[in-house]
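Open the model in your viewer and follow the stops below in order. Each stop says what to select and what is there.

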Amino acid sequence: MQNPQIRVRIAPSPTGNLHVGTARTALFNWLFARKNNGKFILRIEDTDLERSEEKYVQNIYDSLKAIGLNWDEGPDIGGEYAPYRQSERTEIYREYAQKLVESGHAYYCWCSTAELEAEKEIAQREKRDFVYSGRCKKFSREETEKYRQEGRTPVIRFSMPAKKLKFNDMVKGEIEFDTALTGDFVIMKSNNTPTYNFAVVVDDAEMKISHIIRGEDHISNTPRQILIYEALGLEIPQFAHLGMILAPDRSKLSKRHGATAVNEFIDQGYLPEAFVNFLALLGWSPPDGEEVKPLSEIITLFNIDKISSTPAVFEFDKLNWLNGTYIRNLPIENITQRARKYLEKSDLSAYSEKQLREIVEAVKNNLVKLSEIADSISYFFGEDVNIDDQIRETILKTEQSQQVLREFSGLAAELDYRDAEGINEKLGEFRKQMKPLKPKDVMWAVRASLTGRTHGADIAVVIKLLGKERTLRRVQNAITATV
RNA sequence: GCCCCCAUCGUCUAGAGGCCUAGGACACAUCCCUUUCACGGAUGAGACAGGGAUUCGAAUUCCCUUGGGGGUACCA
């Protein structure tokens, strides 16, 4: 079987930060390339000069790299088919457009926006779809010259052959369109710049793209593109259209649903490796049922035939669970290091690195996002602790708690603060000693006085890390504050 | 409106005619562990959108309806 080099691409337009939908498409392309020993290419589609911005190009690079998707050819690293930015390829599009005009597959259209609007209005009134009439197609050289003389700037339209067009989609199966419904569409704008549908075809062909894996929002563009391939006598690639990513309310994922850009998730404290893992699960499922899986393993298991054709809801619950799982599985040094910027919201100087790791170890289990660590560890810092009014009133101020704390301050004075396990044992004895008070109530009083909270890290560890002085001080404060 | 795509638990999905009284994961509930919250463990509840047709037999094939999504630009 002739199996030419597999080449896929991701072609985002830099009109915003890298969207999760684009990231997911990039991921599937990347997986397909890596799985099949192919090439993954990054191309920047910046033909829309108005909306494209350089900072977004940078964001695309950064986001892709952050989630571990490296490309083999691209604007920044070059490659055999450079340049990889559409804005630097305009000459190429012009040549191809010219070819099409010469071969009769395209023609200049001199219609003004106003004239087109009028046609559209009529179509609307007659309740039929607007399909460009194609009247400029028949113009003679003289008429063309006349318009040029008038100072009109033409567009180039592709001459649509009307026919039933079938193509086989790798994920959707056979799809059929009636191209008569489309009409002659613009391939070169009046500013001599290509439209999307034309530029993609030219680039994909020039760059020898073998498989086009993209979102299903492009499915209706496909017949037009196939027709251009045909008109140009180029080989038609394989298509695969992925279901969209939807918001929990099943509408298109947008800003109003919260974060939509990859970097926002990472900034929020999602681990990039957890995030890609989650993305992979949107439309693909591991044959062995093990969903927590690094990219390296997903590559070997990945199979494009197994991609779901259904749109997928972006569910935060599962992302959160995955992220927590990844955090828990990380070696403690690694978490500590990666959480540094959040940890540093507290003044770390009072602790050694070793102690800091103990703190992280003590709180890591209930983290969903790395960023939450800042709050989880806050009571380990400072001489005193903030206790909110409700806890002060309902937990600390009760006579029962006061009694516990008076007793506990005695115990606290003679603990061995180097030994968490020992502290734990003493605490056990203490609970017995405080009977008939319930163990839970006893510990809540102690915990609240020390941490200002009703839940958190193992209390013996808290006591150890707080040390004698602060433990005594905080307990004492909790007692005196209410007298 | 027209065109195209899609349709299994709340969500992501497994399922390619009998293995399905439909499996897994997240979320949810209960219980266990436990000084708290978590973590971990166990159990439970929970779906083939509806209607026809094909077949000995349909979640799986076909048709219709309904619902959802996408497209309908000199945006990409």
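Start with Arg250, which sits in the loop between strand 10 and helix 8. This is a predicted model. Although Arg250 is not a glycine, its phi is positive, about 70 degrees. Arg250 is exposed, with a relative accessible area of 55%.

Stay in that loop and select His257, which lies between strand 10 (245-246) and helix 8 (262-267). Show its side chain together with that of Asp249: a polar contact of 3.3 Å joins the two. Leaving aside residues up to four places away in sequence, His257 touches Ala247, Asp249, Ser251 and Lys252.

**Another positive phi**

Most residues other than glycine have a negative phi, and most peptide bonds are trans. Go to Lys208, in the loop between helix 6 (196-206) and strand 8 (211-215). Its phi is positive, near 60 degrees. Lys208 is partly exposed, at 48% relative accessible area.

**Cis peptide bonds**

Select Ala82 and Pro83, which are joined by a cis peptide bond with omega about 0 degrees. Pro83 is in the loop between helix 2 (54-66) and helix 3 (90-102). Then move to Lys435 and Pro436, where a cis peptide bond has omega about 10 degrees. Pro436 belongs to the loop between helix 18 and helix 19.

**Helix 18 and helix 19**

Leu427, Phe430 and Arg431 of helix 18 meet Pro439, Val442, Met443 and Val446 of helix 19. By class, this contact has 6 nonpolar, no polar and 1 charged residues.

Methods: Residues are numbered from 1 along each chain as its sequence is written. Chains are lettered from A and ligands numbered from 1 in the order in which they are written. This is a predicted model: local features need pLDDT of at least 70, side-chain atom pairs count only at pLDDT 80 or more; totals for chains, interfaces and linings use all residues. Side-chain values use heavy atoms; hydrogens and water are left out. Helices (H or I, at least four residues) and strands (E, at least two) are DSSP runs, numbered from the N terminus. A polar contact is a pair of N or O atoms within 3.5 Å; within protein, one must be able to donate a hydrogen and the other to accept it, and residues adjacent in sequence count only if both atoms are side-chain atoms. Contact means heavy atoms within 4.5 Å. Ala, Val, Leu, Ile, Met, Phe, Trp, Tyr, Cys and Pro count as nonpolar, Asp, Glu, Lys and Arg as charged, and the others, Gly among them, as polar. Buried means under 20% relative accessible area, exposed over 50%, partly exposed in between (1.4 Å probe, protein chains only).
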